Amino acid sequence: MARIEAHPGENAAQDPVRLLAIRETPLSVDEIFQAVGDHAAGGTALFVGTVRNHDGGADVDALGYSCHPSAEAELRRVAEKVAADFPVRALAAVHRVGDLAVGDLAVVVAVSCPHRAEAFEACRRLIDDLKHEVPIWKHQTFSDGTEEWVGAC
């Protein structure tokens, strides 16, 4: 019996990292979604992180993100690891820095893979590793006048 080869679309793309950035300007879900479009992908997972009006039981009045100069290089390292561990057809991740308002998009990541389960897993790994390993810090000011720094490293 002849051996049936997997379709090339079942494999990771040659260069699946399509868009990586850290920006001071507002983020676009459409831009990220379009960046991961791939005809060989049957599943695309997208995560959008927004600024909320509370944290740890306290009201947030102001929030800003800052990053280390190595942040984009670390973001690339994280993205390439995810692409190596999953059959990623396309991947994109953009994080915002600067002062943000409640409701603003802080981070948008997306991954497309041949199947939905892989896309979900890869997207979750991408956002989790980004938050834990990329040197981006959040400075929150609360309505009671206290403040807090939260960050990856």
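Of the 153 residues of the protein, 42% count as buried, where buried means under 20% relative accessible area, exposed over 50%, and partly exposed in between (1.4 Å probe, protein chains only). The model is predicted: local features need pLDDT of at least 70, side-chain atom pairs count only at pLDDT 80 or more, and totals for chains, interfaces and linings use all residues. Residues are numbered from 1 along each chain as its sequence is written, and side-chain values use heavy atoms, with hydrogens and water left out.

The protein has three helices and nine strands, which follow the pattern β-α-β-β-β-α-β-β-β-α-β-β along the sequence. Helices (H or I, at least four residues) and strands (E, at least two) are DSSP runs numbered from the N terminus. The C-alpha trace spans about 75 × 25 × 25 Å along its principal axes. Among contacts with a separation of 6 or more, 72% are between residues 24 or more positions apart; a contact means heavy atoms within 4.5 Å.

The accessible surface of the protein comes to about 8,500 Å², and carbon and sulfur atoms contribute 50% of it. Accessible areas come from the Shrake-Rupley method with a 1.4 Å probe, and for residues only the protein chains shown count as cover. There are 14 positive and 24 negative side chains, and the centres of the two sets lie 6 Å apart. Lys and Arg count as positive and Asp and Glu as negative, while His and the chain ends are not counted; the place of a charge is taken as NZ of Lys, CZ of Arg, CG of Asp or CD of Glu.

The largest pocket has a volume of about 400 Å³. A pocket is an open set of points on a 1 Å grid over the protein atoms alone, where a 1.4 Å probe fits, with protein on both sides within 12 Å along at least five of seven lines; lining residues have an atom within 4 Å of a point. Grid points are joined across faces, edges and corners, and a volume is the space filled by probe spheres set on the points. The lining of the largest pocket consists of 24 residues, and Arg 52, Tyr 65, His 95, Lys 131 and Lys 138 lie nearest its centre. Helix H3 supplies the largest share of this lining, four residues. Among the other elements that each supply at least two residues are strands S2 (43-50), S4 (58-67) and S7 (105-113).

Beyond its neighbours within four places in sequence, Asp 129 is in contact with Val 78 and Val 134. His 132, also in helix H3, is exposed, with a relative accessible area of 57%.

Val 48 is found in strand S2 and counts as partly exposed because its relative accessibility is 30%. Outside four places in sequence, Val 48 is in contact with Val 29, Leu 105, Val 107 and Val 108. Val 48 and Leu 105 are 57 residues apart in sequence and 6.9 Å apart in space, C-alpha to C-alpha. Ala 40 lies in the loop between helix H1 (29-35) and strand S2 and is partly exposed, at 26% relative accessible area. Not counting residues up to four places away, Ala 40 touches Gly 9, Arg 89 and Pro 114.
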